[in-house]
Amino acid sequence: VGGERTQPIAIRVSEDPVPAAAAAREVQLQVETDTAELHVQQQLLLTVRLLHAVNLNRGATLEAPGISDAVVRELGENSYEKVIDGRRYGVFERRYAVFPQKSGELVVPALGFQAALGGSGGWFDQFGGRGKTLRLRSQEKRIRVLPPEAGAATWLPARMLTLIETWDKSPQELRVGDSATRTVTITATGLTGAQLPPLSAPAVDGLRFY
């Protein structure tokens, strides 16, 4: 308005707005398993969770679990927010399915996380930011692995197992020379596809199977 002007405001910007020691208390790395004991080839659910109440610069890295004598499959990632003791945390969660291949003790090694503190924007990508580096390490976990149960002809330690049979036409209405498609499906929760046994056609007099 006319020649009026506002007064300037000076803002002091420090080089390191979040000291590393204070930020370390605001970032937590958690590793959880859904059980402490299971059988050989049974699924173990492993959850790696990072909680942070401070900004983490881009270029953060989170180690993947390298577990001996086990098959490890990543199940996916999830990001959300959570309030703990009145403080809001950002949460990054990654889940794995682990299938031990021999009995004894399964060791989930300590996992490492590294990130630069301060700044803004996303993280877990290829570009790094300036600032002090925060390094965290989780606790090692040990899981007891039992041998397969005695007397099991086919070992399928699934959480749920279903067997479904379907026909493209009613088998009660078949006549000599007719053809029909029979589909038998095994569905297992908590197993890999390679663990499911093949299905063989039964020998039935008067029928041919293809």
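**Exposed, buried and bridged**

Tutor: Gladly! At 72% relative accessibility, I9 counts as exposed. Keep in mind that this model is predicted.

Student: Let us turn to charged pairs. How many salt bridges does the structure hold?

Tutor: There are 12 salt bridges. One of them joins the side chains of R49 and E32.

Student: How do you know that R49 and E32 meet in a salt bridge?

Tutor: A salt bridge needs a side-chain nitrogen of Lys or Arg within 4 Å of a carboxyl oxygen of Asp or Glu. For R49 and E32 the N to O distance is 3.1 Å, and that falls within the 4 Å cut-off. R49 sits in strand β3 (residues 44-52) and E32 in strand β1 (residues 27-33), so this pair ties together parts that are 17 residues apart in sequence.

Student: Why is R49 called buried, and why is E32 called partly exposed?

Tutor: Buried means under 20% relative accessible area, and partly exposed lies between that and 50%. R49 has 13%, so R49 counts as buried. E32 has 38%, so E32 is partly exposed.

Student: Which residue forms a salt bridge with D69?

Tutor: That is K102, with the closest N and O atoms 3.3 Å apart. The pair links distant parts of the chain, 33 residues apart: K102 is in the loop between β6 (87-100) and β7 (104-108), and D69 is in the loop between β4 (61-62) and β5 (70-84). D69 itself, at 44% relative accessibility, counts as partly exposed.

Student: What makes E105 and R142 a salt bridge?

Tutor: Their side chains meet at 2.7 Å, N to O, which is within the 4 Å cut-off. E105 lies in strand β7 and R142 in strand β10 (residues 141-146), so the pair ties together parts 37 residues apart in sequence.

Student: Why is E105 exposed and R142 partly exposed?

Tutor: E105 has a relative accessible area of 54%, so E105 is exposed. R142 has 46%, so R142 is partly exposed.

Technical notes
Residues are numbered from 1 along each chain as its sequence is written. This is a predicted model: local features need pLDDT of at least 70, side-chain atom pairs count only at pLDDT 80 or more; totals for chains, interfaces and linings use all residues. Side-chain values use heavy atoms; hydrogens and water are left out. Buried means under 20% relative accessible area, exposed over 50%, partly exposed in between (1.4 Å probe, protein chains only). Helices (H or I, at least four residues) and strands (E, at least two) are DSSP runs, numbered from the N terminus.
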